[in-house]
Amino acid sequence: MKIAIINGPNLNLLGVREPSIYGNEGFENYLKTIQAKYGDEIEISYFQSNHEGAIIDELHRIGFEYDGIVLNAGAYTHTSIAIADAISAITTPVVEVHISNVHKREEFRHHSMISRVCLGVIAGFGLDSYRLAIEALKNK
Ligand code: DQA
């Protein structure tokens, strides 16, 4: 099984960025932990970009081949019709993920442009949100 994790803007700063909201662990470190956990059972690849178009290009590149995509689109979640259209265009199921519970935060984070085209949404469990999304794709 092949699953890709795609992280959007500012998520390259995990571990440094607002640790009270996003925690102290960098993503590269967490990635190694989950890659080791799933071993040969699930091949987990990773892509991060701060650029909307680059995220769309990556969705197009892998979205007809992979078994699942775990997408944390960061702030583009709340604004990007283009990312929503890219998710609709591909055949690989996408799970929307957020580290923080966006519904406990500012009003502008309560609306997602992408939820309606995703398989499901996982938010608020810290970095464990990514593992929960992988479990959801695995059990699909
Ligand atoms: C986030 C929540 C978004 O509102 C925010 O813009 C992010 C991270 C999360 O993982 O909690 O960049 O997607």
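# Briefing: ligand site, buried residues and backbone features

E18 is located in the loop that connects β1 with α1. This structure is a predicted model.

- E18 is not a glycine, yet its phi is positive, at about 30°.
- With a relative accessibility of 41%, E18 counts as partly exposed, because that class covers values between 20% and 50%.
- N10 belongs to the loop between β1 and α1 (19–22), and this non-glycine residue has a positive phi near 75°.
- The relative accessibility of N10 is 37%, so N10 is classed as partly exposed.

**Ligand site**

- The residues surrounding the ligand are R17, Y22, N72, G74, A75, H78, H98, I99, S100, V102 and R109.
- The side chain of H98 places an N or O atom 2.8 Å from an oxygen atom of the ligand.
- R109 has a polar side-chain atom 2.9 Å from a ligand oxygen atom.
- A75 contributes through its backbone, where a polar atom lies 3.2 Å from an oxygen atom of the ligand.

**S100, in the loop between β4 and β5**

- S100 lies between β4 (94–98) and β5 and is one of the residues surrounding the ligand.
- The relative accessible area of S100 is 8%, so this residue counts as buried, the cut-off being under 20%.
- The side chain of S100 makes a polar contact of 2.9 Å with that of R105.
- Leaving out residues up to four places away in sequence, S100 touches I21, Y22, R105, A123 and G124; among these, Y22 also belongs to the ligand surroundings.

**T77, in the loop between β3 and α4**

- T77 is placed between β3 (68–72) and α4 (81–89).
- T77 is classed as buried because its relative accessibility is 1%.
- Beyond its neighbours within four places in sequence, T77 contacts E96, H98, H111, S112, M113 and I114; of these, H98 is also listed around the ligand.

**L127, in the loop between β5 and α5**

- L127 is found between β5 (120–123) and α5 (128–138).
- L127 counts as buried because its relative accessibility is 11%.
- Contacts of L127, apart from residues up to four places away in sequence, are L14, E25, F27, Y30 and I99; I99 is also among the residues surrounding the ligand.

- Which residues of α5 are buried? They are S129, Y130, A133, I134, E135 and L137.
- The elements covering these buried α5 residues include β1 (2–7), α2 (27–38), β2 (43–48), β3, β4 and β5.
- I34 lies in α2 and is classed as buried because its relative accessible area is 3%.
- Aside from residues up to four places away in sequence, I34 touches I5, I44, R131 and I134.
- I34 and I134 are 100 residues apart along the chain, while their C-alpha atoms are separated by 9.6 Å.

How values were computed. Residues are numbered from 1 along each chain as its sequence is written. This is a predicted model: local features need pLDDT of at least 70, side-chain atom pairs count only at pLDDT 80 or more; totals for chains, interfaces and linings use all residues. Side-chain values use heavy atoms; hydrogens and water are left out. Helices (H or I, at least four residues) and strands (E, at least two) are DSSP runs, numbered from the N terminus. Buried means under 20% relative accessible area, exposed over 50%, partly exposed in between (1.4 Å probe, protein chains only). Contact means heavy atoms within 4.5 Å. A polar contact is a pair of N or O atoms within 3.5 Å; within protein, one must be able to donate a hydrogen and the other to accept it, and residues adjacent in sequence count only if both atoms are side-chain atoms. A residue is near a molecule or strand if one of its heavy atoms lies within 4 Å of it.
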